[in-house]
Amino acid sequence: MKTPPQTLDDFMAVALAMENEAVDRYTEFADMMETHNNGDVAALFRTMAGYETKHAQHIMAQMGWTAAPAVPRERICWPGYESPEAAPVDEVHYLMQPWHALQLALAAEQRAEAFFGELAAMTTNASVRAAALEMQAEEAEHVGLVKAWMAKLPPPDRDWSDDPDPPRYID
Amino acid sequence: MNELAPLATLGAADFKSAYKPIWCPGCGDYTVLSSLTKALATIQRPPHEVAVVSGIGCSSRIPAYTSCYGFHGVHGRALAAATGLKVARPDLTVIVTGGDGDGYSIGGNHFMHACRRNVDMTYIVMDNHVYGMTKGQASPTTEPDWDNKLSPGGTGIRAFHPLVIALAAGANFIGRGFSGDPNGTAAIIAQAIRHPGFSFVEILSPCITFRPEQKGWKEIVRAAPVDPTDDPALAARRIMTDDGFNIGVLYAGHRNPYPARVGLAERSVAELEREFEL
């Protein structure tokens, strides 16, 4: 991990950026699935975007912000190019099922939990550590919720990606 | 005295249209669209002062997905249309978008001469090394050994090197982005728009349908380990010797842009008609 935020404000701005990127990605996924007539998965991604929006609003309210503060790129401290809470854009499929969507969400929550845990261990600022631990606990709770949700869904069929009219006619 | 109220700050969402993209789910072009709208939010020019011009192909659908003025033109001719637009309306920010087939094959000649003319605009190419819209034919940037049923054993033809061509032809700004790094790519696009003259940004944007192995690009792209240079000879050496996966601003030169002048578009229709009289 790069240098952790030095102040509580900076830390919360990074946490907010993480949530907002997750909102954008889930919204993007929901739009993709709607366009490809995969309504169940679109609705699920829309729901996930709603949850992340609430998390973002919670941070805004906690900090008394009316607009998201800009986070310069050099202050982004998460590993990799994208927010740990944003699922990679290339991990969706037009025939994916709700179980797959939750699998993506689970991985995202687990990455976020690990990120906050690592940040809490690295920071020397007590208020940042306390906030990071609080976020880590919240993410752990989300991991549990997604797992419980997945347990209620049937696992995907073995041939879930079979398409009788595939785009790849050259195979 | 009335004072104009300050314009509200524009966000990325202000540059998105109500149309939802119809790309394959997982396509790299989704995040390129996101990068473009973030870059425009950074620039803070309102959508009606920006024109997005494209040719034909999956990535060329982008103008419809923005709230800016858009022109979805003829295959390979986006740069020609955009050049005319920018010369006639130098007050607009002109952005050209397309893919590797549209830009380097059908529009290859326009690409070279747009670099040479150095009109102040930004050309974004979403390069996936394949013709995706027409179902997976080899494009100019396809690796010579890419084996598929349409070119068994690969084409055997050396891949086109767009960044080197752009530099040799006179592009004033050259960058490479990766769709898996939307924030970094947005920063490169914003820099490209602000840089005077012809700015060329190649974005590695995987085609998950016809080149699923390109998902592996996220494991090999890395930030270019050098600062941008304004020395074309140094840039040429760097670009010629990299493996195509260094991302960042690779060259930012000082050539003066083509001197388009405000006012050229103000002639009357009758004056223009007279030019067409036989």
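In the predicted model, I174(B) touches L163(B), A166(B), L167(B), F200(B), A235(B), L250(B) and Y251(B), with residues up to four places away in sequence left out of the count. I174(B) belongs to the largest nonpolar core, which comprises 68 residues. Within this core, the residues with the most contacts are I174(B), V96(B) and I124(B). In soluble globular proteins, nonpolar side chains tend to be buried together.

In chain A, the packing of two helices was examined. The axes of α1(A), residues 8–35, and α2(A), residues 39–63, come within 8 Å of each other and cross at roughly 160 degrees. Because angles over 145 degrees count as roughly antiparallel, α1(A) is roughly antiparallel to α2(A). The crossing of α1(A) past α2(A) is left-handed. The residues that form the contact between α1(A) and α2(A) comprise 18 nonpolar, four polar and four charged residues.

The two chains also meet each other. Contact between them involves 24 residues of chain B and 21 residues of chain A. On the side of chain B that touches chain A, the elements giving two or more residues are α1(B), spanning 29–43, and α6(B), spanning 182–194. Of these, α6(B) supplies the largest share, with four residues. Sorted by class, this side of chain B holds 10 nonpolar, nine polar and five charged residues.

Terms used
Residues numbered from 1 in each chain as written. Chains lettered and ligands numbered in written order. Predicted model: local features only at pLDDT ≥ 70, side-chain atom pairs only at ≥ 80, totals over all residues. Contact = placed C-beta atoms within 7 Å. Nonpolar A, V, L, I, M, F, W, Y, C, P; charged D, E, K, R; others polar. Core = buried A, V, L, I, M, F, W, Y, C linked by C-beta atoms within 7 Å. Buried ≥ 20, exposed ≤ 12 C-beta atoms within 10 Å, placed from the backbone. Axes fitted to C-alpha atoms, helices over the stretch in contact; angles between N-to-C directions. Parallel < 35°, antiparallel > 145°, perpendicular 65-115°, else oblique. Left-handed = near helix turned anticlockwise from the far one by under 90°.
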